[in-house]
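Please look over the chain shown here before reading on.

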Amino acid sequence: MPRTSRIIEEMHESMQALDNLGLMEPQESATIEALYDACKVPQYSPENVKDLRSRLSLTQTALASILNTSVSSVRQWEQGLKRPSGPSNKLLYLLDKKGMEALSVLA
């Protein structure tokens, strides 16, 4: 399930209210909706993490290095003992959507 921060949610609700009152141009409303959709990042389950790592042909050590986290964290994510959060979750999403090519953008 995609998640966004509380602040993003509140800003989106405020913009929707302004749009409902007719105080926004259609183009502005469309731009805000596109930005809001771009902020949504799914929470990666143990299966998602393992499937992504396998699809990219990465070891747990390599994925940990890419995400700047510990091998222990990746192992715990895949075992369901912990869930990736914050930057790690967003980087997983980026790798999932763009593949290893996304790393050249980050370098």
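Predicted model: local features only at pLDDT ≥ 70, side-chain atom pairs only at ≥ 80, totals over all residues.

Residues are numbered from 1 along each chain as its sequence is written, and side-chain values use heavy atoms, with hydrogens and water left out.

**Overall build**

- The chain holds seven helices and two strands, where helices (H or I, at least four residues) and strands (E, at least two) are DSSP runs numbered from the N terminus.
- Along the sequence these elements follow the pattern β-α-α-β-α-α-α-α-α.
- The chain is more spread out than a compact globule, because its radius of gyration is 17 Å, well over the 13 Å that the globule rule gives for 107 residues; the radius is taken over C-alpha atoms, and the rule is 2.2 Å times the number of residues to the power 0.38.
- Taken along the principal axes, the C-alpha atoms of the chain fill a box of roughly 50 × 30 × 20 Å.
- Among contacts (heavy atoms within 4.5 Å) between residues at least 6 apart in sequence, 62% join residues at least 24 apart.

**Surface and charge**

- Of the 107 residues, 26% count as buried, where buried means under 20% relative accessible area, exposed means over 50%, and partly exposed lies in between (1.4 Å probe, protein chains only).
- The accessible surface of the chain comes to about 7100 Å², and 55% of it belongs to carbon and sulfur atoms; the areas come from the Shrake-Rupley method with a 1.4 Å probe, and for residues only the protein chains shown count as cover.
- The 12 positive and 13 negative charges of the chain have mean positions 13 Å apart, with Lys and Arg counted as positive, Asp and Glu as negative, and His and the chain ends not counted; the place of a charge is NZ of Lys, CZ of Arg, CG of Asp or CD of Glu.

- L52, in helix α3, counts as buried at 1% relative accessibility, and leaving aside its neighbours within four places in sequence, L52 is in contact with L92, L95 and D96.
- With neighbours within four places in sequence again left aside, L56 is in contact with L95, G99 and M100.

**Single residues and distances**

- S57 lies in the loop between α3 and α4 and has a positive phi of about 55° although it is not a glycine; S57 is exposed, with a relative accessible area of 67%.
- N68, in the loop between α4 and α5, has a positive phi of about 55° without being a glycine, and N68 is exposed at a relative accessible area of 72%.
- E9, which lies in helix α1 (residues 6-20), is partly exposed, with a relative accessible area of 27%.
- The C-alpha atoms of E9 and C39, 30 residues apart along the chain, are separated by 9.8 Å, whereas those of L52 and H12, 40 residues apart along the chain, are separated by 30 Å.
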